[in-house]
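Q: Hi! I'm new to this one and would like a friendly tour. Could you show me what we have?

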Amino acid sequence: MNPPRRSVPARGRTGRPAPAGAQRRVLWGPVIGLGLVSLAADVVSDGARPLAGPLLAQLGASALLVGLVTGAAEAAAQGLRLVFGPWADRTRKYWTFTLAGYGLTAVCVPLLAVAPLAGTSGLVLASVLIIGDRIGKAVRSPAKTVLLAAAAKPVGRGRGFAVHKSLDLIGALLGPVLVAAVLTATGNLSAAFAVLSVPAAAAMFLLFWLRRRMPGLGPTEQAVPAGRIRETAVGPAAPHVDGGPASLFTRSFVLFAAAAFCWSAGLVAFGVISFHLTTTAGVPVSVVALLYAAAMAAAALGALASGALYDRSGAWVLLSIPVLTAAVPVLALSPVTGLAVAGVLIWGIALGIQDSTVKALLADLVPEQRQGAAYGVFAAFQGAGALAGGILYGVLYDTRPPLIASVAVLQLLASVVLVAALRGTRSN
């Protein structure tokens, strides 16, 4: 029997062990690299995101159509991962899917500059491109998350995912600031979309460079032996265990995904919020972009705080998501500007936790060789919830009390199901 492998400290050019600072740089390098790619790409995607509602409104869309388009876009971003996650696992071409997904966003978002100039077909073109950008998210996200899970494992997945998400959210903050500056200078939506072609090109250049530097990043090539997954205590000490094809659908995984459906249905797409801010609250489009940037800053803080708490205390920190989500329609869709701003910030915090610490828990629940499929299946639940939420908000937009009550019921159900999921993992 071969002796167990021991970790070998990083070494400098002299052959001696590298200083502790150098070892930290080696461990954190892949996480930071992937984070910088996300930063540049999110300048593009999230720079355009707060403009989706105003753009569709300018092209003649109603509140229901805005809800349908933005809900369908989020459903595509989440639900299609059910296809691309297992596909990435089967082919193990994680870099290929990552490159293709980022490339789709880099093309679709700058082309939104053409929509206001396309006459009667502009509304259709804008809708297709908005959804196309989010399809790019579906193509790349499972594969990129598998790469990130492998990169973050040596430094702690809670912290690794939180640091990556923070860099991601810096881009999500800078993008709206950039388009707000362009809108202030020109008052032209087309110019705001066109300027995003620059960070789009930078994101693709950085991604190709990173691919050449770290071609072996990802899960090991070891085959997955047949067997049944053992669920363990969720948190920083939760080990990965092998499992066969059926091992993904454990009771805790299914309950966790069901809870995600409920909170996704309540966490309204920002397109509906931006539509409300510009048409009802009278907020200028350039200011809406800045509010979105503030929401991304709040999301970064939420991701960092929840990631640290997850590594220290476990997954119970996720119970904050339904509580925060229930407050969003009460505040963000208020006709009072101050309350709407508070709702936007709470929306951002909930989004930050959902996009970072939730993924860290999934990485600890599922064997490495099944992570692509796991993220795909889980995202399908989130995508179905986002589509249901888009329809819910579109239909009930003009009747707020039923909307608020519906979201509250969904979040109560999410809390109950999430508690059952976490108790199941802890009891095993």
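A: Happy to! A word on terms to begin with: helices here are DSSP runs of H or I with at least four residues, numbered from the N terminus. Also, please keep in mind that this is a predicted model.

Q: Good to know. How many helices and strands are there in the chain?
A: The chain has 16 helices and zero strands.

Q: And how much of the chain is buried?
A: Of the 428 residues, 57% are buried. The chain exposes about 17000 Å², and 68% of that comes from carbon and sulfur atoms.

Q: What about contacts between residues at least 6 apart in sequence: what share joins residues at least 24 apart?
A: That share is 83% in this chain.

Q: Let's switch to rings. How many aromatic pairs does the structure hold?
A: There are nine aromatic pairs. One of them is formed by Phe84 and Trp87, which are stacked, with 5.9 Å from centre to centre and 15° between the planes.

Q: Where do Phe84 and Trp87 sit relative to each other along the helix?
A: Both belong to helix α4, which covers residues 81-91, and they are three residues apart, so about one helical turn separates them.

Q: Is Phe84 buried or exposed?
A: Phe84 is buried, because its relative accessible area is 15% and the cut-off for buried is under 20%. Trp87 has 37% relative accessibility, so Trp87 counts as partly exposed.

Q: Which residues form an aromatic cluster with Phe84?
A: Trp87 and Phe97 do; together with Phe84 they make one cluster.

Q: Can you show me another pair? How are the rings of Phe275 and Tyr397 arranged?
A: Those two are edge-to-face, because their planes stand at 70°, with the ring centres 6.1 Å apart. This pair links distant parts of the chain, its members being 122 residues apart. Phe275 is in helix α11 (residues 270-279), while Tyr397 is in the loop between α15 (371-396) and α16 (400-427).

Q: Buried or exposed, those two?
A: Phe275 has a relative accessibility of 9%, so Phe275 counts as buried. Tyr397 is buried too, with a relative accessible area of 5%.

Q: What lies over the face of Tyr397?
A: Arg400 does, at 4.6 Å from the ring centre.

Q: New topic: cysteines. How many disulfides are there in the whole structure?
A: A search of the whole structure turns up zero disulfides.

Q: Then tell me about Cys262. Where does it lie?
A: Cys262 is in helix α10, residues 251-266. Its relative accessibility is 5%, so Cys262 counts as buried. Another cysteine, Cys108, is also buried, with a relative accessible area of 8%.

Q: What is Cys262 in contact with, leaving aside neighbours within four places in sequence?
A: Cys262 then touches Leu410, Gln411, Leu413 and Ala414.

Q: And how far is Cys262 from Val417?
A: In sequence they are 155 residues apart, and in space 9.3 Å, C-alpha to C-alpha.

Q: Last topic: charges. How many salt bridges does the structure hold?
A: It holds three salt bridges. Asp46, Arg49, Glu74 and Arg134 are linked by salt bridges in a network.

Q: Walk me through that. Which residue does Asp46 pair with?
A: Asp46 forms a salt bridge with Arg49, and their closest N and O atoms are 3.6 Å apart. Asp46 and Arg49 are both buried.

How values were computed: Residues numbered from 1 in each chain as written. Predicted model: local features only at pLDDT ≥ 70, side-chain atom pairs only at ≥ 80, totals over all residues. Heavy atoms only, no water. Helix = DSSP H or I, 4+ residues; strand = E, 2+ residues; numbered from the N terminus. Buried < 20%, exposed > 50% of the residue type's maximum accessible area, 1.4 Å probe, protein only. Contact = heavy atoms within 4.5 Å. Areas by Shrake-Rupley, 256 points an atom, 1.4 Å probe, with all protein chains shown as cover. Phe/Tyr/Trp six-rings, centres within 6.5 Å; stacked < 30°, edge-to-face > 60°. Lys NZ or Arg CZ within 6 Å of the ring centre and 35° of its normal. Disulfide = S-S within 2.5 Å. Salt bridge = Lys/Arg side-chain N within 4 Å of Asp/Glu carboxyl O.
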